[in-house]
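Subject: Structure for you to look at

Hello,

Here is the structure I promised to pass on. Please open it beside this email and follow along.

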Amino acid sequence: MPVLLLVNPTAGRGRADRRAPAVERALLRSCAEVSVVRTASPAEATAYARNAPSGSVVVALGGDGFLGAVAAGTRVSGALLVPLAGGRGNDTVRRLGVPLDPVRAVRAMPTWEVRTVDVGLVGGRPFLGVAHVGFDAVANEYGNATRWNLGPLVYLYGGIRAFRAWREVTFTVTVDGQERRVTGWFVAVGNGGRYGGGLRICPGAEIDDGLLDVVALGRSSIANVVITFLLSYGGRHLDRPGITVERGTSVEIAADRPLNAYADGELVGPLPVTVVVEPSSLRMLLPPGEPPRA
C-alpha cells in the first residue's frame, strides 16, 4: 500500500530532517511506494494528512506538536497514522511504546497492529498528549524561545526561567459542569498524560478510555513545586500537598489574568479555553499490546 512520509524539517533542531533519508530507505524495504513531503508548517502537514486516501498510511516524523497536526488530518481522512520520533521531547512516541529510533521503529512496523485512540481538542485544536496552562506553560514559552540545542533539557531550562517570572494565579476549572477555583501554579489536562520531555504529569491517563485527566497544583511553596515536578518523572506526585485530580469529558479553564494555553508543546492561544475528548477517533499503527501507562 502507498505510504506518505511527512517530515517536519525543523523538528529537534533538524534531527527529523537528518533522519528522513534513512527512514525512507527503511520504508522502501517493505512498501512498494513511498512519497516524502518536507512540510513548511503544521497547517500544511494537516492538509496533506487530510487529503490522504482513506486506508492509506501516513508516517509522521517530527515532534509532539507535529504529530498532533498530522493527527488532525488523518482523523478526518481515515488514513492510518504511524508516529515516529523526530523532536526534542518525543513524549507522544514514548507514551505509545514506539521506539525512539525512527529507523528501528520502521523496521518493526510489519509486526505492529492497528489501534484506535482518543484525540483531545483544546479550543478546537487536536492534541494527543497534554493541554496545560499556568507555570508549566510559561516554562514551555521560555523553552521554545531558546536557541540552545538542549534536547529534552530545554524544558528544565524553561522551568528555571519561569520561576523568576511567576506570580500566583486563580484558575476557574469546570469539569463536566462542576466548577471550582484553584489558586496556585498550573492546570494540566491529559489525554496521553506525558509532556515536557518525560514528565508523567497525568499518570493515570489512558489514551483510549474516552476521558481526560485533570491534574492541578494549588498554593504551594517553591520547594514543593520543585519536588512535585521531580516526582512527576515517575508519576509519583499525586499525593503531594496542593495536588488535585479529576476526570471528565469536558474541561473549561479560565484565569484571573492573561495566560496562554499550550498543547503538546505548542501555543494554542489565550484563556479561556475548552478542552474535550473525541473517543476512538484516530486510527494508528502501533506496537502490539496495550500502550504503556502515562
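Predicted model: local features only at pLDDT ≥ 70, side-chain atom pairs only at ≥ 80, totals over all residues.

How do the residues of the lining of the largest cavity divide into nonpolar, polar and charged?

**The cavity**

The count comes to 1 cavity of 30 Å³ or more. Its volume is about 40 Å³. The lining holds Val122, Ala131, His132, Val133, Val187, Val189, Ile253, Ala261, Tyr262, Val273 and Val275. S7 gives the most, with 3 residues. Now the answer to my opening question: the lining has 10 nonpolar residues, 1 polar residue and no charged ones.

Next, look at the largest nonpolar core. It has 50 residues, and Leu27 and Val70 touch the most other members. Helix H1 (residues 15-28) supplies the largest share of this core, 6 residues. In soluble globular proteins, nonpolar side chains tend to be buried together.

Go back to Val70 for a moment. Which residues is valine 70 in contact with, leaving aside its neighbours within four places in sequence? They are Leu6, Ala45, Ala49, Val58, Ala60 and Leu81.

**Helix H2**

Two of those contacts lead us to H2. In this helix (residues 42-50), Ala45, Thr46 and Ala49 are buried. Seen down the axis of H2, these buried residues fall within an arc of 100 degrees, so they line one face of the helix. An α-helix has 3.6 residues a turn, so residues three or four places apart point the same way. What covers the buried residues of H2? The cover includes strand S1 (3-7) and helix H3 (64-77).

Valine 34 sits in strand S2 (residues 34-38). Is valine 34 buried or exposed? Its relative accessibility is 15%, so it counts as buried. Valine 34 and valine 3 are 31 residues apart along the chain, yet their C-alpha atoms are separated by 4.8 Å. Leaving aside neighbours within four places in sequence, valine 34 is in contact with Val3, Leu5, Glu24, Leu27 and Leu28. You met Leu27 above, as a member of the largest nonpolar core.

Proline 9 lies in the loop between S1 and H1. At 25% relative accessibility, proline 9 counts as partly exposed. Not counting residues up to four places away in sequence, proline 9 touches Gly14, Asp17, Arg38 and Thr39. Leucine 61 is 52 residues away from proline 9 in sequence, and the two are 8.9 Å apart in space, C-alpha to C-alpha.

**Two threonines**

Threonine 228 is in helix H8 (residues 222-232). It is buried, with a relative accessible area of 0%. Threonine 228 touches His237, Arg240 and Ile243, not counting residues up to four places away in sequence.

Threonine 174 is in strand S8 (residues 169-175). This threonine is buried too, with a relative accessible area of 11%. Leaving aside its neighbours within four places in sequence, threonine 174 is in contact with Glu179, Ser250, Val251 and Glu252.

Start with the general rule. Most residues other than glycine have a negative phi, and most peptide bonds are trans. Now see what turns up here.

- Aspartate 176 has a positive phi, near 50 degrees. It is found in the loop between S8 and S9. At 42% relative accessibility, aspartate 176 counts as partly exposed.
- Aspartate 264 also has a positive phi, near 50 degrees. Its place is in the loop between S13 and S14. At 9% relative accessibility, aspartate 264 counts as buried.
- Leucine 271 and proline 272 are joined by a cis peptide bond, with omega about 5 degrees. Proline 272 is in the loop between strand S14 (266-270) and S15.

That is the tour. Over to you.

Best wishes

Key: Residues numbered from 1 in each chain as written. Heavy atoms only, no water. Core = buried A, V, L, I, M, F, W, Y, C linked by side-chain atoms within 4.5 Å. Buried < 20%, exposed > 50% of the residue type's maximum accessible area, 1.4 Å probe, protein only. Helix = DSSP H or I, 4+ residues; strand = E, 2+ residues; numbered from the N terminus. Contact = heavy atoms within 4.5 Å. Arc of directions from axis to C-beta. 1 Å grid on protein atoms, 1.4 Å probe; cavity = no way out; pocket = protein on both sides within 12 Å on 5 of 7 lines; lining within 4 Å. Points joined across faces, edges and corners; volume = space filled by probe spheres on them. Nonpolar A, V, L, I, M, F, W, Y, C, P; charged D, E, K, R; others polar.
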